[in-house]
Amino acid sequence: PDSATGYSYEECTATADWLLKRAPERPLVGIVCGSGLGGLAKMLKDELVINYCDIPNFPQSTVHGHAGKLVFGTLKGKPCVCMQGRFHLYEGYAIQKTTMPIRVFKLMGVETVILTNAAGGLNQDFKVGDIMIIKDHINIPGFAGHNPLVGANDDRFGVRFPCMSDAYDRDLQQLVRAVADELDFSVFMRDGVYSVLGGPSFETIAECRALRQLGADAVGMSTVHEVIVARHCDMRVLALSLITNKAVMDYQSEKKANHEEVLETGALRAKQMEKLVSTVVSRIPNT
Ligand code: R1P
């Protein structure tokens with residue numbers, strides 16, 4: 001393995017080939033389920049479920065609400081693969097390893113990645129249960145050099161210096177808005193900027209205020225690294241945050257962020273999330 005990434009191109013290819021031997025067909029869409037959003041995988045028809053622990057070279061899920069299963073199947077006829085369980089920096093993985101599955105997606109044939117997450121709302125207009133279309137991100141760990149592309153660049157995946165100003169596909173954002181309108185979901189749809197922190201401790205009040213001033217609308221501990229790797233290898237990206245709690249922004253508040261609330265809100269909005277994602281997937285044009 002590459003000493004910086006913790007895995008080599010060949011290992012990544014071996015993992016993709018191992019999966020393709022078992023998968024019913026090459027997936028075109030890859031979905032990553034956020035905390036408490038694993039139910040998205042239930043949308044897939046004729047599914048094949050593979051536990052992460054059986055997949056060669058794959059990291060293992062350690063977080064409650066992340067099942068650790070890869071699910072293949074079709075969604076309205078489109079072949080998909082769905083990660084029920086993602087990897088976070090705070091689990092102790094090298095940042096490069098947390099995003100290895102995104103490259104496995106690419107090597108299997110995935111063209112579009114849909115990333116979902118549970119996030120704290122910084123924008124005071126946001127309510128618990130809102131779904132935010134991510135239009136941009138602020139990579140706070142990146143300010144200190146923590147980027148999943150650190151290390152030798154493998155040109156087989158992408159260029160050394162990938163552009164990020166077009167990271168979030170604007171046509172897909174438009175498609176989500178149109179679908180949300182049709183489904184009568186517009187009342188809880190938002191768009192905004194997602195900021196990532198390393199976790200696992202939740203944000204302090206001062207950190208939330210600082211992030212808001214920087215222009216962030218929501219905060220979490222995932223997604224951004226996956227976006228960077230997906231764009232590096234030229235996949236289209238759509239990312240959605242479920243606002244599972246309001247970030248505590250004032251010293252008078254008695255509220256305390258906790259993972260249980262995050263999972264509960266996921267369960268409350270699960271049906272709408274599934275409807276939204278499945279309708280969007282059915283309309284994504286193949287490239
Ligand atoms: C905190 O409750 C956890 O939920 C979110 C945060 O990033 C953190 O891992 O998980 P996802 O981003 O995986 O949805």
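Start by selecting Thr 98: beyond the residues within four places in sequence, Thr 98 contacts Phe 87, His 88, Leu 89 and Tyr 93 (contact means heavy atoms within 4.5 Å). A word on the ground rules: this is a predicted model, with local features needing pLDDT of at least 70 and side-chain atom pairs pLDDT 80 or more, while totals for chains, interfaces and linings use all residues. Numbering runs from 1 along each chain as its sequence is written, and side-chain values use heavy atoms, leaving out hydrogens and water.

Stay on Thr 98, which sits in helix H2 (residues 95-98); helices are DSSP runs of H or I, at least four residues, numbered from the N terminus. Thr 98 is buried, at 5% relative accessible area (buried means under 20%, with a 1.4 Å probe and protein chains only). Now show Ile 95: its backbone oxygen is 2.6 Å from a polar atom of the Thr 98 side chain.

Next, select helix H3, residues 100-108. Seven of its nine residues are buried, so H3 is largely enclosed by the rest of the structure; among them are Met 100, Ile 102, Arg 103 and Phe 105. Just after H3, stop at Gly 109, where phi is positive, about 115 degrees.

Then click Phe 105. Leaving out residues up to four places away in sequence, Phe 105 touches Leu 70, Val 81, Met 83 and Met 235, among others. Phe 105, Leu 70 and Ile 102 have the most contacts inside the largest nonpolar core, which has 45 residues (a nonpolar core is a set of buried Ala, Val, Leu, Ile, Met, Phe, Trp, Tyr and Cys residues joined through side-chain atoms within 4.5 Å). Last stop: apart from that core lies another, of 32 residues, including Val 29, Cys 80, Leu 172 and Phe 185.

Key: Helix = DSSP H or I, 4+ residues; strand = E, 2+ residues; numbered from the N terminus. Buried < 20%, exposed > 50% of the residue type's maximum accessible area, 1.4 Å probe, protein only. Polar contact = N/O pair within 3.5 Å; in protein donor to acceptor, adjacent residues only side chain to side chain.
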